[in-house]
Amino acid sequence: MQKTLSVADLKTDQKISQVPFALKELELKTSQQNRPYYNVLLADKTGEVRARIFPENFSAVDTNAKAGQIVVINGSVGEYLGKLQIVIESMQIATGMAPEEFLPITSRNRSEMMEDLMNEIQKVQNPHLKTLLEAFWQNQANRDMFSNYPAAEMVHHAYIGGLLEHTWEMYVLSKPFIKLYPQLDWDLLFTGLILHDIGKLEELEIVGATIIRNTAGKLIAHISQGLLMVDRIVSGLPEFPLDLKNKLYHLILSHQGKLEFGSPIQPQTLEAMVLSFVDINSAELNQAAKHIERNLFTGEEFTERHKWLGRGFYQKDFLKSS
């Protein structure tokens, strides 16, 4: 089966016949009129769309479908509260579909971003940090995952190549700080920048066509997982200085900046402060830019309110060029 219709192509009053989507949510709910219905979230690499299944169509729906599976939809596109919504008439689990069709992918060139980071690794002067970086980077499995993994389930850079893009953006954003504050230890900052989120490689998984947080990710979380990954490598480098290890570990533990953001400790070095700055800059700019992309179809001057950033964004200038 070929995917011939994407979320971005949907229009009001459009009929949908045998179109595959990734199933992200399937939840039985009850309306205010005490009528049961299924609340559904469908997606592909172009975006997401809400859908509903009403009782008259329950018998034509495979309710055993799980989040992450690919399903084939028949139905029609309508509008609800100003947004497109599909009324599903039938839904069955699909087989033999490539998940790449349903997962969004970074729009940046992954080869170029990888090359930029690899070139910078070669410039690291501190022999201990360079050995550490090479021990991680020269592992083909690590490099492949780093290039392909998302940076999150849903908040920012939540797509194939998102972890690489997020790290590369932080690398670019951090450069001006070196000019402003030459006392910064660039080798240390850059090493922390490369390694700060590698715990995502153990926290997240791609199951079917959905990014999920696995059991270890829920119990331990990426900051702790990343620290443990780095510690395993450092433990194999017997001459690694204790003071340098403490400062590097501090970068990983404090990179989210504030206790309420998930870091167990606040930044207490200049390098840790810069790392937390560029981390949040990259994450929030990505969220805002993607939110605008998803809202352009409305034609409105401002986007709807962003759930995590707590505001709408002016998008009129982007409407002119879209």
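Trainee: How many helices and strands are there in the protein?
Mentor: In this predicted model, the protein has 11 helices and seven strands.

Trainee: Thanks! And what does the C-alpha trace span along its principal axes?
Mentor: The trace spans about 70 × 40 × 35 Å.

Trainee: What share of the residues count as buried?
Mentor: Of the 322 residues, 45% count as buried. As for the surface, the protein exposes about 16700 Å², and carbon and sulfur atoms supply 51% of that area.

Trainee: What about contacts, how much comes from residues 24 or more positions apart?
Mentor: Taking contacts with a separation of 6 or more, such residues account for 56%.

Trainee: OK, let's go inside. How many residues does the largest nonpolar core have?
Mentor: That core has 45 residues, and Phe190, Val230 and Leu248 are those with the most contacts inside it. Two or more residues come from each of α1 (110–123), α2 (127–137), α4 (162–180), α5 (186–195), α8, α9 (242–254) and α10.

Trainee: Which of those gives the most?
Mentor: That would be α5, with seven residues. There is also a second, separate core of 21 residues, which includes Leu10, Leu42, Ala65 and Val71.

Trainee: Can we zoom in on Leu248? What is Leu248 in contact with?
Mentor: Setting aside neighbours within four places in sequence, Leu248 is in contact with Leu129, Leu132, Leu188, Thr191, Gly192, Val230 and Phe240.

Trainee: Leu132 is on that list. Where does Leu132 sit, and is this residue buried or exposed?
Mentor: Leu132 has its place in helix α2. Leu132 counts as buried because its relative accessible area is 0%, and buried means under 20%.

Trainee: And which residues are in contact with Leu132?
Mentor: Again leaving out neighbours within four places in sequence, they are Thr191, Leu195, Val230, Ile233, Val234, Leu237, Phe240 and Leu248. Take Val234: the C-alpha atoms of Leu132 and Val234 are separated by 6.8 Å, although the two residues are 102 residues apart along the chain.

Trainee: Which helix supplies the largest share of the lining?
Mentor: The largest share comes from α10, with six residues. At least two residues are supplied by each of α6 (200–203), α8 (222–235) and α10 (270–295).

Trainee: How does the lining split by class?
Mentor: The lining has 12 nonpolar, nine polar and eight charged residues.

Trainee: Last one: what is phi of Gln18?
Mentor: Phi of Gln18 is near 55 degrees, a positive value in a residue other than glycine. Gln18 lies in strand β1 (residues 15–30). With a relative accessible area of 43%, Gln18 is partly exposed.

Trainee: And what about phi of Ala221?
Mentor: Phi of Ala221 is near 80 degrees, also a positive value in a residue other than glycine. You'll find Ala221 in the loop between α7 (215–219) and α8.

Trainee: Why does Ala221 count as partly exposed?
Mentor: Because its relative accessibility is 28%, and partly exposed lies between the 20% limit for buried and the 50% limit for exposed.

Definitions and conventions: Residues are numbered from 1 along each chain as its sequence is written. This is a predicted model: local features need pLDDT of at least 70, side-chain atom pairs count only at pLDDT 80 or more; totals for chains, interfaces and linings use all residues. Side-chain values use heavy atoms; hydrogens and water are left out. Helices (H or I, at least four residues) and strands (E, at least two) are DSSP runs, numbered from the N terminus. Ala, Val, Leu, Ile, Met, Phe, Trp, Tyr, Cys and Pro count as nonpolar, Asp, Glu, Lys and Arg as charged, and the others, Gly among them, as polar. A nonpolar core is a set of buried Ala, Val, Leu, Ile, Met, Phe, Trp, Tyr and Cys residues joined through side-chain atoms within 4.5 Å. Buried means under 20% relative accessible area, exposed over 50%, partly exposed in between (1.4 Å probe, protein chains only). Contact means heavy atoms within 4.5 Å. Accessible areas come from the Shrake-Rupley method with a 1.4 Å probe; for residues, only the protein chains shown count as cover.
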